[in-house]
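Please examine the structure shown below. The paragraphs that follow lead through it step by step.

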Amino acid sequence: MGQVVAPCHVQRFCRRHAACVRGGHGMSDRSAANRRPGGDGMKYLIIGAGVAGVSACQAIREKDAGAELLVLTEEQFPFYTRLRLPDLVAGRIEPAKLVLKDAGWFDRLGIELRLNTRAEAIRPDPLRVIAGSEEFAAEKVLIATGADSFLPPVEGSDLGNVFTLRRMNDALAIRARAAEASRCVIVGGGVLGFEIGEALRSRGLEVTVVEIAERLLPRQTDAGAAGVIRSLMERRGFEVVLGVKPVRFIQSGGEAEAIALSDGRSIAADLFIISAGVKPRVDVATASGIKTRRGIVVDDSLQTSLGGVFAAGDCTEHKGILYGIWRASEEQGRFAGLAMTGERIAYSGTVRSYRLNLLGTTLLTAGMIEPSGN
Ligand SMILES: Cc1cc2nc3c(=O)[nH]c(=O)nc-3n(C[C@H](O)[C@H](O)[C@H](O)COP(=O)(O)OP(=O)(O)OC[C@H]3O[C@@H](n4cnc5c(N)ncnc54)[C@H](O)[C@@H]3O)c2cc1C
């Protein structure tokens with residue numbers, strides 16, 4: 001994949017070479033090694049090495065053995081599973097065991113993986129991706145930037161012992177803090193809030209879950225199932241507080257010592273986790289003038305409003321739907337990869353389903369929950 005180091009101009013790129021040399025700048029050794037036989041294949045650039053980005057890589061490689069593939073990820077780890085981050089918090093597993101595709105896998109498929117590299121924007125005519133002082137030329141680009149934890153506007157959310165869980169580094173930070181904590185409040189009674197709470201209970205912490213809705217897991221369950229979950233959790237030693245809003249963190253010496261709630265109560269703890277949903281990462285798209293609503297708007301080919309640029313996974317909005325689940329990201333990544341190679345495909349959506357293991361009871365949810373709770 002072509003790499004230009006400033007002050008090279010991407011317009012000087014020649015389609016026959018992975019990078020044109022100007023002023024002494026040439027292609028990286030890894031780029032050279034990763035060029036497929038023939039060396040002048042189609043250039044694909046994937047932003048994000050999560051399940052959507054990696055599924056797209058696999059689909060592209062299946063269809064286009066000679067393609068040049070470059071993956072940029074801002075994280076320091078190759079592709080890993082977020083689903084087991086709570087196990088890392090619990091101390092049941094180490095980071096290396098979460099890695100699903102390591103650097104060797106990318107090498108074997110002839111894919112250049114750039115860790116610690118954040119894409120900022122995409123520019124058209126010719127298509128290129130800006131990352132710091134570098135510009136990468138590509139013929140097709142996939143935005144697979146996922147999502148971030150949503151932070152509700154609660155004063156004090158930036159205090160040192162208030163965390164969210166989305167990345168490996170978040171899990172490591174929570175684990176380190178949990179080693180010296182005894183009491184935790186989790187803001188958000190969804191699936192993830194439960195999983196983090198369960199991990200912390202297994203470490204011996206007292207855990208209170210605070211949920212704004214009148215029932216737990218409001219996005220996955222109806223009222224009956226939520227009642228069963230509540231009693232399972234209470235049996236496991238959780239305290240559950242429903243129908244209250246967090247108002248602010250009460251601080252002392254740069255750390256939160258309690259959370260004040262809308263009913264006038266405050267709950268003291270030495271560790272706080274906010275698990276209040278996710279917000280799609282649309283920053284690259286907006287910086288590039290690509291159409292977004294809540295997510296990056298894509299059509300049935302996962303194509304965005306900018307020619308040659310596709311999007312897949314948690315960052316996207318397809319027919320008004322943001323899925324926020326692994327399976328949908330995997331499917332969208334695969335569809336996008338195929339579409340990028342020129343396959344005529346139509347993504348028609350993914351059935352939402354969730355499986356949660358609750359203290360020996362398996363909860364499987366599928367479909368949509370009506371606002372009434374039915
Ligand atoms: C703790 C936890 C548990 C979960 N459990 C489940 C579960 O049980 N079942 C389920 O279906 N789903 C679950 N999910 C959700 C699931 O993990 C996501 O739906 C899935 O990871 C989305 O994949 P993605 O590839 O779209 O995005 P991500 O996995 O978020 O990957 C996107 C990557 O892009 C990187 N990136 C973002 N912007 C840039 C940029 N500008 N430049 C370079 N890199 C960038 C990000 O750092 C990230 O590494 C869970 C999530 C978490 C956090």
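**A guided reading of the model**

Glutamate 234 has a relative accessibility of 38% and therefore counts as partly exposed. The model in which this residue is seen is a predicted one. Glutamate 234 forms a salt bridge with arginine 230, and the closest N and O atoms of the two lie 2.9 Å apart. Both residues belong to helix α8 (residues 223-235), and because they are four residues apart there, about one helical turn separates them. Arginine 230, at 30% relative accessibility, is likewise counted as partly exposed.

This salt bridge may be set beside others, for the structure holds 25 salt bridges. In one of them, the side chains of arginine 114 and glutamate 134 meet at 2.9 Å, N to O. That pair links distant parts of the chain, since arginine 114 lies in strand β6 and glutamate 134 in strand β9 (residues 134-137), 20 residues apart. Buried means under 20% relative accessible area. Arginine 114, with 17%, is therefore buried, and glutamate 134, at 15%, also counts as buried.

A further salt bridge joins arginine 281 to aspartate 283, with 3.3 Å between the closest N and O atoms. Here arginine 281 is buried, with a relative accessible area of 13%, whereas aspartate 283 is partly exposed, with 29%. Both residues take part in a network of salt bridges that also links Glu74, Arg118, Asp148 and Arg167.

Attention now turns to the sheet. Five strands form an open sheet with parallel pairing, in the order β6-β3-β2-β10-β22. Strands β6 (111-114) and β22 (309-311) stand at the edges with a single partner strand each, so one side of each has no neighbour in the sheet. From one strand to the next, the twist averages 20°. Within the sheet, strand β2 (residues 43-47) pairs with strand β10 (residues 140-143) in the parallel sense over four bridges, and isoleucine 46 stands opposite leucine 142 in β10.

Helices accompany these strands. Helix α2 (residues 51-63) lies across β2, β3, β6 and β10 and runs at about 165° to β2. Helix α10 (residues 326-340) packs on the sheet and touches β2, β10 and β22, its direction making about 170° with that of β10.

Finally, the loop between β3 (68-72) and β4 (79-80) contains glutamate 75. At 13% relative accessibility, glutamate 75 counts as buried. Its side chain makes a polar contact of 3.1 Å with the side chain of arginine 82. Leaving aside neighbours within four places in sequence, the residues in contact with glutamate 75 include Tyr80, Leu115 and Arg167.

Definitions and conventions
Residues numbered from 1 in each chain as written. Predicted model: local features only at pLDDT ≥ 70, side-chain atom pairs only at ≥ 80, totals over all residues. Heavy atoms only, no water. Helix = DSSP H or I, 4+ residues; strand = E, 2+ residues; numbered from the N terminus. Buried < 20%, exposed > 50% of the residue type's maximum accessible area, 1.4 Å probe, protein only. Polar contact = N/O pair within 3.5 Å; in protein donor to acceptor, adjacent residues only side chain to side chain. Contact = heavy atoms within 4.5 Å. Pairing = 2+ DSSP bridges. Axes fitted to C-alpha atoms, helices over the stretch in contact; angles between N-to-C directions. Salt bridge = Lys/Arg side-chain N within 4 Å of Asp/Glu carboxyl O.
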